[in-house]
Amino acid sequence: MPRYYITTPIYYVNDAPHVGHAYATVNADALARWHRLVGDEVFFLTGTDEHGQKVARAAEENGVSPEAWTDRLAPRFQDAWRDLDISNDDFIRTTEPRHRRAVQHFLGRIHDNGWITKDTYRGLYCVACEQYYAEDELLDGTLCPVHRRPVELLEEENYFFRLSAFEQRLIDWYDTHPDAVVPESKRNEALSFIKGGLRDISITRTSIAWGVPVPWDEDHVFYVWYDALVNYLTAIGYGEDPDRFAAWWPAVHHLIGKEIIRFHCVWWPAMCLAAGIDPPAHIQVHGWLLVGGEKMSKSSLNQISPGSLTAEYGVDPVRYHLLRDTPLGSDGDFSAEGMTARYNADLANTLGNLVSRVATVVGSKCEGIGPAPAPDSRLAAVAAAAVTEATAAWNAGQPHLALEATWRILRETNAELEVAEPWKADPGSAVDAVLGSALEVLRIVAVLIVAAVPATAREIWRRIGLEGSPADVVLPGALEWGGYPPGRPVEKGEPLFPRRK
Ligand SMILES: [Zn+2]
């Protein structure tokens, strides 16, 4: 059975979950669900990043220990993902003992292999990013380019990872793995950064205590980023369960935001090579959801919580919008107006309308019993084309294209009904053929959307009289025209997506 290991970045525990986090997590969830649907063995990982100066300072400001602080905050992400119907198989917290062991093992291997040296480091550091910046990267020469706040001059004795020794090996790796980083623009960005020359990087701190201790020198802790990246290995048994680790690594699919390209596409593959394991096989880079033209962040006060959106629109409409509106790889603008407009156009007027009118007319013309689809329906070819396109898009990690193709079948079916007007015709074989074909479209669509909007797909499945779940069908057979079994009761029910003002 093919395996599919997908990860989100782990989120900073003292950030409040916002729509930017939800965007990445819902997309990863839909891809995980799709791969389960096609029969892959799936492992879907998300979690929280809980070490570092920023967390320690926040705990201190709140008068509690870092342990108590992170225990208090981590559930906000767990709760947010439960509310959004996220199907992660594991939730990793970097403060867990299993992670401390994996970090020490991984960085210990790099040290044993001779790729870590001690030196003095002096640099301009943004506490919020947990990152040093070169002077020419700063805004106005003094401000963090992400947070727009002053950086601090820090000097400390550190252990350095000899990244510079991996320049050529990374270039070779990119050459032999042309599809490892997508989209291509992001691959080129990472590669040109590597070709511009790599400096050794400081990977430990003595100035903070809240981190994983360096096993060969306990005055130091690992810098939070090099601890965090290892989460992808911890969760699949690195250092503890070699068979399990070999089953899942390196065939991983990292979904990451474009602000963390260097960490994932340069540092991380080099560290894997230094530790003697293969670099990650796939890194898919997504853009930002902007609000009023700016990235969502604590400092710009433009955060929107996923909970406030699901309370307003419902879970599946939020999932649908996040999957459909902003292609993975591009930046998108998030606004309530945009979300309402798409909700009305796609969910209320297209999908909801089709479900409701088909059930209503089956009720009035077929005594509520679903007829058989017509083998020669024009919709059979429309569905087949959309199935091919949607399947390819899901497999390529592009949910927005999969949904776009799927909605084409729905629009064509609504148009077909408007031409045929079965609600005006006398009951009989012509009406049966039209409605049976529309029911067949709903069956196929339920399968195509179950990874995106699972509760909606299950409800459509139930209303058109099918048993089980659209998530449990066998592909590709279940997407072929003609599978709807006639003679099942079709239920009208409440509107799935009432129109919004
Ligand atoms: Zn910053």
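Student: Which residues of helix 15 meet which residues of helix 16?

Tutor: Thr-406, Ile-409, Leu-410, Thr-413, Leu-417 and Ala-420 are on the helix 15 side. They meet Val-434, Ala-438, Val-441, Val-445, Leu-448 and Ile-449 of helix 16. Contact has a cut-off: the C-beta atoms of two residues, placed from the backbone, lie within 7 Å. A helix is a DSSP run of H or I with at least four residues, a strand is a run of E with at least two, and both are numbered from the N terminus.

Student: What kind of model is this, and how are residues numbered?

Tutor: It is a predicted model, so local features need pLDDT of at least 70 and side-chain atom pairs count only at pLDDT 80 or more, while totals for chains, interfaces and linings use all residues. Residues are numbered from 1 along each chain as its sequence is written.

Student: Why is helix 15 called roughly antiparallel to helix 16?

Tutor: Look at the angle. Helix 15 (residues 399–420) and helix 16 (residues 429–449) pack at about 165 degrees, with axes 10 Å apart. That makes the two helices roughly antiparallel. The cut-offs are under 35 degrees for roughly parallel, over 145 for roughly antiparallel, 65 to 115 for roughly perpendicular, and oblique for the rest. The axes are lines fitted to C-alpha atoms over the stretch in contact, and angles run from 0 to 180 degrees between N-to-C directions.

Student: What makes Val-42 a buried residue?

Tutor: Count its neighbours. Val-42 has 21 other C-beta atoms within 10 Å, so it is buried. The rule: buried means 20 or more other C-beta atoms within 10 Å, exposed means 12 or fewer, and partly exposed is in between, with C-beta atoms placed from the backbone. Val-42 is found in strand 3. Leaving aside neighbours within four places in sequence, Val-42 is in contact with Tyr-4, Ala-32, His-35 and Arg-36. The C-alpha atoms of Val-42 and Tyr-5 are 5.8 Å apart, though 37 residues separate them along the chain.

Student: Why is Val-474 called exposed?

Tutor: Val-474 has 10 other C-beta atoms within 10 Å, so it is exposed. Val-474 is in the segment after helix 17 (454–463). Its C-alpha is 7.3 Å from that of Val-38, 436 residues away in sequence.

Student: How do you know that strand 1 and strand 3 pair?

Tutor: Count the bridges. Two strands pair if DSSP finds at least two bridges between them. Strand 1 (residues 3–7) and strand 3 (residues 41–49) have 5, in the parallel sense. In strand 3, Tyr-5 has Phe-43 as its bridge partner. Strand 1 also runs parallel to strand 12 (residues 252–257), joined by 3 bridges. There, the partner of Tyr-5 is Val-252.

Student: What makes strand 13 largely enclosed?

Tutor: Strand 13 (residues 282–286) has 4 of its 5 residues buried, so the rest of the structure largely encloses it. Strand 12 pairs with strand 13 in the parallel sense over 5 bridges. Leu-255 has Gln-284 as its bridge partner in strand 13. Strand 8 (residues 181–182) also pairs with strand 13 in the parallel sense, over 2 bridges. Val-181 stands opposite Ile-283.

Student: How do you know that the span of helix 4 agrees with its length?

Tutor: The expected span is 1.5 Å times one less than the number of residues. For the 16 residues of helix 4 (residues 97–112) that gives 22 Å, and the end C-alpha atoms are 22 Å apart, so the two agree. Buried residues of helix 4 include Phe-106, Leu-107 and Ile-110. Gly-114 follows helix 4, with a positive phi near 85 degrees.
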